[in-house]
Amino acid sequence: MSNILEQMQKDLYSGKVEEVKKEVKKALDEGLSAQEILNQGLLKGMERAGKDFKAGDLFIPEVLICAKAMHAGVDVLRPLLVGSGATMLGKIVIGTVAGDLHDIGKNLVRMMMEGAGFEIIDLGVSVPPEKFVETVISKGAQLIGMSALLTTTMPSMKTTIEALAKAGLRDRVKVLVGGAPVTASFAESIGADAYAPDAVSAVDMARELIM
Ligand code: B12
């Protein structure tokens, strides 16, 4: 692997925001693709942080600093991943469900969807069911994308789908779910229309559902 990607992984793990930004720019100058830098540099660094967090070798403040460095790197890549001049294919409301503050994956999904030409209304993190419902009504969205990273917040996806049904919107809006603990069978069990395991397949799925 290229040295610059290895260094990027290390610096992301250490939360060195400025270094990560510089390395992303340098990797682009060296001719690496934005996708390669995202997958082999930034996400690999974050993966390492995730492993050590799980093992108890890293703590929340440290993981937050890694996440900051990850965001800084993604910001440099954003124009390249998102592209330009895409036409609007449809409106999507996206958010991380109530009680859940994880947004790195959700932000990647949003970026990829924007790049594909969808109009995205991003409600951020810890979004209660009623906020999803309200936004579908006020913005006339055709699809909701919900993200959950905690097993304890996954049930909020179901609650949101129930709230949509109660508001009489379930036939008008498609529901796509994702996040590390979410599976296709969970999606089916809560009555979602689809599940996607990553940002690229999320775009394919959104196209299939809306168009
Ligand atoms: C970063 C992180 C944090 C950061 C979040 C910062 C941020 N701004 O997001 C901080 C430090 C705040 C944090 C806090 C906590 N965390 Co945390 N965190 C992580 C970590 C290390 C990485 C998650 C991540 O960003 N991955 C990278 C992204 C790119 O991947 P992703 O989110 O899976 O997204 C991809 C796909 O899932 C999919 N996708 C995502 N969303 C969507 C949406 C749609 C619609 C679709 C189609 C697809 C899709 O596409 C994405 C791109 O390919 C994970 C470990 C892990 N391996 O997942 C733990 C992890 C999720 N956290 C965990 C825990 C326990 C917590 C805390 C409860 C810790 C605590 N004791 O307080 C708190 C909870 C805070 C809260 N209320 O949410 C556990 C969850 C365990 C469980 N089974 O529920 C994990 C798995 C770590 C572990 N193994 O113990 N965390």
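Reader: Happy to start: how many bridges join S1 to S3?
Author: This is a predicted model, where local features need pLDDT of at least 70, side-chain atom pairs count only at pLDDT 80 or more, and totals for chains, interfaces and linings use all residues. Residues are numbered from 1 along each chain as its sequence is written, and side-chain values use heavy atoms, leaving out hydrogens and water. Strands (E, at least two residues) and helices (H or I, at least four) are DSSP runs numbered from the N terminus, and two strands pair if DSSP finds at least two bridges between them. S1 and S3 run parallel, and the number of bridges joining them is 5.

Reader: Thanks! What is the order of the strands in the open sheet?
Author: The sheet has 5 strands with parallel pairing. S2 (119–122) and S5 (194–195) each pair on one side only, as edge strands. Reading across the open sheet, the order is S2-S1-S3-S4-S5.

Reader: Which residue in S4 is the bridge partner of Ser147?
Author: S3 (residues 143–147) and S4 (residues 174–178) pair in the parallel sense over 5 bridges. Within this pairing, Met146 stands opposite Val177. For Ser147, the bridge partner in S4 is Gly178.

Reader: And on the S1 side, which residue in S3 is the bridge partner of Ile92?
Author: S1 covers residues 91–96, and S1 runs parallel to S3. The partner of Ile92 in S3 is Leu143.

Reader: Which residues of S3 point the other way from Leu143, Gly145 and Ser147?
Author: In a regular strand the side chains alternate between the two faces of the sheet. S3 is mostly covered, with 5 of its 5 residues buried; buried means under 20% relative accessible area, exposed over 50% and partly exposed in between, with a 1.4 Å probe and protein chains only. Leu143, Gly145 and Ser147 point one way, and the residues pointing the other way are Ile144 and Met146.

Reader: Let's turn to the helices: at about what angle does H9 run to S4?
Author: Axes are lines fitted to C-alpha atoms, for helices over the stretch in contact, and angles run from 0 to 180 degrees between N-to-C directions. H6 (residues 129–139) lies across S1, S2 and S3, at about 160° to S1. H9 (residues 199–210) lies across S1, S3, S4 and S5, and the angle of H9 to S4 is about 165°.

Reader: Are H6 and H7 roughly parallel or oblique to each other?
Author: H6 and H7 (residues 155–166) pack with their axes 8 Å apart, at an angle of about 40°. Angles under 35 degrees count as roughly parallel, over 145 as roughly antiparallel, 65 to 115 as roughly perpendicular and the rest as oblique. H6 and H7 are therefore oblique.

Reader: Which residues in H7 does H6 meet?
Author: Contact here means heavy atoms within 4.5 Å. From H6, the residues taking part are Pro129, Phe132, Val133 and Val136, and those they meet in H7 are Ser156, Thr159, Thr160, Ala163 and Leu164.

Reader: What separation do the C-alpha atoms of Leu150 and Ala180 have?
Author: Leu150 sits in the loop between S3 and H7, and it is partly exposed at 30% relative accessibility. Leu150 and Ala180 are 30 residues apart along the chain, and their C-alpha atoms are separated by 8.2 Å.

Reader: Further up the chain, how far apart are the axes of H2 and H4?
Author: Among the residues meeting here are Val17, Val20 and Leu28 in H2, and Ala69, Val76 and Leu80 in H4. H2 and H4 are roughly parallel to each other. H2 (residues 17–29) and H4 (residues 60–82) pack at an angle of about 30°, and their axes are separated by 8 Å.

Reader: One last thing: what is the phi of Ser126?
Author: Ser126 is found in the loop between S2 and H6, where it is partly exposed at 31% relative accessible area. Most residues other than glycine have a negative phi. Although Ser126 is not a glycine, its phi is positive, at about 50°.
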